[in-house]
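Hi,

Here is the structure I promised to send over. Have a look at it first, and then read my notes below.

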Amino acid sequence: MQNEIKKKVNGFGKIGKIVVTVLLVIVLIGGITASVAAVYLSQLPDDAISVSVSGKANIQVDESLMGTLVGSIVDGLSYESDQMPDLSDEADMESILPENTQVRIDLSINNADYTTAVIHSEGNMKSIEAQTDDFVYEIDNIIKVIIGGIVYVAAIAVSLFMLRRLFKEFESCETPFTDIAVKRLYAFGFSLIPVILIGTVAEAMARALLTPSEGINFYLDGGAIVAFVVTICLCTLFKYGAQLQQESDETL
């Protein structure tokens, strides 16, 4: 029975080591490719690449609710040759707002600031097509995003390396409940912390650099956090198992 369990543990370790090794190679290739791209882009003139992007939003509302909607979500509105309308006067809102004409608007949705809009009628529905100002980013922005990605990839590579060491221990161990296995499991668990933190910061910076009107917003990776918590729980179980194994060996 013990030999069968040992074979299963060793087989699990062998398969896990192969899979993680393949993933590690892929990650390293990606990191090297990104590094080469960053070096290449850094040699180009600052104006060699320029990308202009803008964001759009389409809001549809019943004609009778148009005044209420605009009055509640729009902070400012004006158009050429007119003074800024009184947004509190919902009754005159439909006559104030011109259709099929671009107007200046102060509207924020999901952290994006919309500055222009065109209003259309579609039967009993009103359609507001809002747009942000053009946002231009050049080589410098792209390089910063790539560097953030490289640091994130490096953190993932370290975590995969720690996981590979753990599977390597399972591949040749007599029992998985050893002090070495526990230490390597702890090392893998704590290696996930830089992955979570660096990934959060890198994603926030990338959004701020490449997304129009997007501020710096941090979003934690729920999957990585769950993996960290589960790993620490497994560490506790394996540590307890190692103590029982040691007591059993001393008894024998």
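Ile15, Ile18, Val19, Val22, Leu23 and Ile26 make a nonpolar surface patch of about 550 Å². Areas are Shrake-Rupley values with a 1.4 Å probe.

Please keep in mind that this is a predicted model: local features need pLDDT of at least 70, side-chain atom pairs pLDDT 80 or more, while totals for chains, interfaces and linings use all residues. Residues are numbered from 1 along each chain, and side-chain values use heavy atoms, without hydrogens and water.

Ile18 lies in helix 1 (helices are DSSP runs of H or I, at least four residues) and is partly exposed at 47% relative accessibility; buried means under 20%, exposed over 50%, partly exposed in between. Lys17 lies in helix 1 too, but is buried at 18%. The Lys17 side chain makes a polar contact of 2.9 Å with that of Glu171 (N or O atoms within 3.5 Å, one able to donate a hydrogen and the other to accept it).

What about the inside? Leu163 touches Val20 and Phe188, leaving out residues up to four places away in sequence (contact is heavy atoms within 4.5 Å).

Best wishes

Definitions and conventions
Patch = residues over 30% accessible without salt bridge, like charges linked within 9 Å, V, L, I, M, F, W, Y side chains within 5 Å. Salt bridge = Lys/Arg side-chain N within 4 Å of Asp/Glu carboxyl O. Helix = DSSP H or I, 4+ residues; strand = E, 2+ residues; numbered from the N terminus. Buried < 20%, exposed > 50% of the residue type's maximum accessible area, 1.4 Å probe, protein only.
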